Amino acid sequence: MRKSRWIVFGAALAAALAIFLQAFQLPASAADQIVRIGYQKYGNFILLKGTGALEKKLAPLGYSVEWTEFPSGPPLLEAVNAGAIDIGQTGEAPPIFAQAAAADFVYVAHEPPAPQGEAILVPKDSPITSVAELKGKKVAFNKGANVHYLVVKLLEKAGVKYSDITPVFLAPADARAAFETGAVDAWAIWDPYQASAEVTLNARTLADGTGVVPNNQFYLARKAFADANPQIVDAVVAAVADVDRWTEGNSAAVAAQLSAGIGIPAPVLEIALKRQSYGIKPLDETTVAQQQSIADTFYALGLLPKPVQVSAIVRRAGS
């Protein structure tokens, strides 16, 4: 009887110890760590995903990669703020709206301007021939995305007030459907959706960002993640630099190799790649100033609840 009591006591003690250790276990080993990357059908992250190169670069550091696709930048940054992803890539406007909403992230790096990679499109048989003729028209675009700023600046250049158009806020897939059915008069969109509309719908470019907006790509990270894992952030940036070097000037071969894997037809992908920019690097003062100008413009239009200071959330080189 005494022996059986000891057996029961020992089993209970072991179970209690297991529960204690589980509750107070040390952080997972590096081999269990995951970097959660948010990407779009846009920019160089989708190319990096297609190559599998990031997984190879992070494996020796004990990290795996989890990729999540988003339809545009605003929901991607919502996921960053919610702690659902660690690093993401967007255009210019989404980080500004996110910062105004008190999202906790930092700018990590950027690509050079690619102003031809976004445009206002009209149907091939549309009577509209200039941006000025958009006055009183319905223009579809993703609210808070890079094309939001494109629309603002192109209207300004044409002498048309932003309040003189009817914005129709739609995500890319819904905007394309509205564009195809004639529910809107024009569509402001970025590559590769832009290239796809040109190839498959014979959509006509009313104006792109040339001479009006830079259309930078930005890489962003949760601040807590960047602070705790600077070497991982640096490794991700280095992997993007590698894919940049491979892609630049080699768009046809890259499109042919990655098309099936990322779900974009090679002819469409090649057009988009030729309009994309390459050469990832930390943000410099010029780029920060450009972002600040965008933020100031949105605030002046009453589209932001408060002014933001872009420089306050920039991760500096070597940090």
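Predicted model: local features only at pLDDT ≥ 70, side-chain atom pairs only at ≥ 80, totals over all residues.

Reader: Is Gln40 buried or exposed, and why?

Author: The general idea is a cut-off: a residue counts as buried when its relative accessible area is under 20%. Gln40 has a relative accessibility of 4%, so Gln40 counts as buried.

Reader: Which backbone atoms does the side chain of Gln40 reach?

Author: For a polar contact, one looks for a pair of N or O atoms within 3.5 Å. The side chain of Gln40 reaches the backbone oxygen of Gln89 at 3.0 Å. It also reaches the backbone nitrogen of Gly73, at 3.5 Å.

Reader: Which residues is Gln40 in contact with, leaving aside its neighbours within four places in sequence?

Author: The residues in contact with Gln40 on those terms are Ile46, Phe70, Pro71, Ser72, Gly73, Leu76, Gln89, Thr90 and Trp190.

Reader: Which residues line the second largest cavity?

Author: A cavity is a space where a probe fits but cannot get out. Gln40 itself belongs to the lining of the second largest cavity, together with Tyr42, Ser72, Gly73, Pro74, Gly91, Pro94, Ala145, Asn146 and Trp190. The volume of this second largest cavity is about 50 Å³. Its lining has 5 nonpolar and 5 polar residues, and no charged residues.

Reader: How many cavities of 30 Å³ or more are there, and which residues lie nearest the centre of the largest cavity?

Author: The count comes to 3 cavities of 30 Å³ or more. About 150 Å³ of space lies in the largest cavity. Its lining has 17 residues, and those nearest its centre are Tyr42, Gly43, Asp191, Ala272 and Gln276. Two elements, α2 and α12 (266-275), each give two or more residues to this lining. The largest share, 4 residues, comes from α12. Sorted by class, the lining of the largest cavity holds 9 nonpolar, 5 polar and 3 charged residues.

Reader: Which residues line the largest pocket?

Author: Unlike a cavity, a pocket is an open set of points. In this model, the largest pocket is lined by Pro74, Leu77, Glu78, Asn81, Pro94, Phe97, Ala98, Ala101, Ala103, Lys143 and Gly144. The space in this pocket is about 200 Å³. Helices α4 (73-81) and α5 (93-100) each supply at least two residues of the lining. The largest share is that of α4, with 4 residues. By class, the lining of the largest pocket has 7 nonpolar, 2 polar and 2 charged residues.

Reader: How should I read the interior of the chain?

Author: The general idea is that nonpolar side chains in soluble globular proteins tend to be buried together. Here, the largest nonpolar core has 64 residues, and the residues with the most contacts inside it are Phe105, Tyr107, Ile120, Leu134 and Phe298. Helix α6 (residues 146-158) provides the largest share of this core, 7 residues. A second, separate core has 39 residues, among them Leu47, Val65, Ala195 and Ala255.

Reader: Which residues does Phe298 touch, not counting those up to four places away in sequence?

Author: On that count, Phe298 touches Ala93, Ile96, Phe97, His148, Tyr149, Val152, Leu303 and Leu304.

Reader: How far apart are Leu154 and Ala207 in sequence and in space?

Author: Leu154 is found in helix α6, and at 4% relative accessibility it counts as buried. Leu154 and Ala207 are 53 residues apart in sequence, and their C-alpha atoms are 7.8 Å apart in space. Beyond its neighbours within four places in sequence, Leu154 is in contact with Ile120, Val131, Ala207, Asp208 and Val212.

Reader: Where is Thr247 placed, and which backbone oxygen does its side chain reach?

Author: Thr247 is in helix α10 (residues 230-247), and its side chain reaches the backbone oxygen of Val243 at 2.7 Å. Thr247 counts as buried because its relative accessibility is 1%. Not counting residues up to four places away in sequence, Thr247 touches Leu47, Val254, Leu273 and Tyr278.

Reader: What can be said of the protein chain as a whole?

Author: The protein chain has 13 helices and 10 strands. Of its 319 residues, 49% are buried. Among contacts with a separation of 6 or more, 80% join residues 24 or more positions apart.

Note on methods:
Residues numbered from 1 in each chain as written. Heavy atoms only, no water. Buried < 20%, exposed > 50% of the residue type's maximum accessible area, 1.4 Å probe, protein only. Polar contact = N/O pair within 3.5 Å; in protein donor to acceptor, adjacent residues only side chain to side chain. Contact = heavy atoms within 4.5 Å. 1 Å grid on protein atoms, 1.4 Å probe; cavity = no way out; pocket = protein on both sides within 12 Å on 5 of 7 lines; lining within 4 Å. Points joined across faces, edges and corners; volume = space filled by probe spheres on them. Nonpolar A, V, L, I, M, F, W, Y, C, P; charged D, E, K, R; others polar. Core = buried A, V, L, I, M, F, W, Y, C linked by side-chain atoms within 4.5 Å.
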